[in-house]
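Me: Hi! Could you walk me through this structure with me? I have a few quick questions.

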Amino acid sequence: MPEQPPYLRIADELRRRITEHEWTPGDRLPSRAQIAQECGVGENVVRRAQELLISQGALEGRAGSGTYVAAPRRRVRVVRSSAREQPNGSPFRADMKAAGKQGDWESRTEAKVPAPAEIASRLGIVEGDLCVRTVYEFLADGRPVQLSTSWEPYDLTAGTLVVLPEGGPHAGQGVVNRMAEIDIAVSHAVEQPEPRLATAEEASLLGIQKAALVTHIKRTYYSDQGRPVETADIVLPAALCEIVYEVPIGRQ
């Protein structure tokens, strides 16, 4: 069996000290130099171990102050299910209410944005074709817990009342309900979740450590004719959000 990398061994040691209450929530950890000397490793090894525990929510870094034991946090449950589309109300707000939090979001929409190659492939259009792009920050009690960037083919909604996802009389009603207003029936969605490290911009927006673990979901909605009508990149911090998939079971 390969030997465990040194930073994982140090992370296990720091986690043990927290579990055994040698350090309790709010305690400031000894300096990296002190921990490195005690454990017989370099300071870079300690830094990597602490960054791992920060990404997992066990520690928190405070700029100019040091590294502290984080208070236990209850992760917000986010339910992914096409069955949760509602004519009125928002599944995200419902999830936040269940967690005892106030759910809301902020958005910024740009029309006629050329589609990058990957987005064009996901939407079945030509690279450079125009899209409506909307960037979202989803908030729980005013703090960002989810990011999303949505793309819709401009030719699909141009000249209609639903061209702007967060504007007009159907603002905020979601892809399925908005498309129904222009006689497009959305039949299903495909989601591809994968773990990765947060970018510097994502970490800044979400208030998490740079390179913390996030779940990146690539979601695409399809019409009953098989055409992709919207695709989105959804980013949720692993330390803050618990993702649950709800699978509707119909009668055979």
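This is a predicted model: local features need pLDDT of at least 70, side-chain atom pairs count only at pLDDT 80 or more; totals for chains, interfaces and linings use all residues.

Me: Which residue does the side chain of Glu191 meet in a salt bridge?
Reply: That would be Arg80, at 2.6 Å from N to O. The pair links distant parts of the chain, with Glu191 in strand β7 (residues 186–197) and Arg80 in strand β3, 111 residues apart.

Me: And Arg80, buried or exposed?
Reply: Arg80 counts as buried, because its relative accessibility is 12% and the cut-off for buried is under 20%.

Me: How many salt bridges does a search of the whole structure find?
Reply: The search finds 17. One of them joins the side chains of Asp12 and Arg15 at 2.8 Å, N to O.

Me: Why are Asp12 and Arg15 separated by about one helical turn?
Reply: Because they are 3 residues apart in helix α1 (residues 6–19). As a general point, an α-helix has 3.6 residues a turn, so residues three or four places apart point the same way. Asp12 counts as partly exposed at 36% relative accessibility, and Arg15 counts as partly exposed at 30%.

Me: What does the side chain of Arg16 meet in a salt bridge?
Reply: Arg16 meets Glu20, at 2.7 Å from N to O. Arg16 is partly exposed, with 34% relative accessibility.

Me: OK, switching to aromatics. How many aromatic pairs are there in the whole structure?
Reply: The search finds 3 aromatic pairs. In one of them, the rings of Trp105 and Phe138 have centres 5.9 Å apart and planes at 50 degrees, so the pair is tilted. Trp105 sits in strand β4 and Phe138 in strand β5, so this pair ties together parts that are 33 residues apart in sequence.

Me: Are Trp105 and Phe138 buried or exposed?
Reply: Trp105 counts as buried at 17% relative accessibility, and Phe138 is buried with a relative accessible area of 12%. Phe138 also forms a stacked pair with Tyr136, at 5.6 Å centre to centre and 20 degrees between the planes. Tyr136 counts as buried too, at 10% relative accessibility.

Me: Which residues do the ring pairs link into a cluster?
Reply: Phe92, Trp105, Tyr136 and Phe138. Phe92 brings us to helix α4 (residues 91–98), where the buried residues are Phe92, Asp95 and Met96. Seen down the axis of α4, those buried residues fall within an arc of 95 degrees, so they line one face of the helix.

Me: What do the buried residues of α4 pack against?
Reply: They pack against β3 (76–80), β4 (103–114), β5 (130–140) and β6. The face turned away from the buried side carries the exposed residues Lys97 and Ala98. After α4 comes Gly100, with a positive phi near 75 degrees.

Me: You mentioned β6. Where is Ser148, and is it buried or exposed?
Reply: Ser148 lies in strand β6 (residues 143–153) and counts as buried, at 7% relative accessibility. Beyond its neighbours within four places in sequence, Ser148 contacts several residues, among them Tyr136, Phe138 and Asp233.

Me: Last one: which residues make the nonpolar surface patch of about 360 Å²?
Reply: Tyr245, Val247 and Ile249 make that patch. Tyr245 is placed in strand β10 (residues 241–245) and is partly exposed, with a relative accessible area of 39%.

Notes:
Residues are numbered from 1 along each chain as its sequence is written. Side-chain values use heavy atoms; hydrogens and water are left out. Patches are made of residues with over 30% relative accessible area and no salt bridge: like charges are joined within 9 Å, nonpolar side chains (Val, Leu, Ile, Met, Phe, Trp, Tyr) within 5 Å. Accessible areas come from the Shrake-Rupley method with a 1.4 Å probe; for residues, only the protein chains shown count as cover. A salt bridge is a side-chain nitrogen of Lys or Arg within 4 Å of a carboxyl oxygen of Asp or Glu. Helices (H or I, at least four residues) and strands (E, at least two) are DSSP runs, numbered from the N terminus. Buried means under 20% relative accessible area, exposed over 50%, partly exposed in between (1.4 Å probe, protein chains only). Contact means heavy atoms within 4.5 Å. The arc is that of the directions from the helix axis to the C-beta atoms. Rings of Phe, Tyr and Trp (its six-membered ring) pair if their centres lie within 6.5 Å; planes under 30 degrees apart count as stacked, over 60 as edge-to-face and the rest as tilted.
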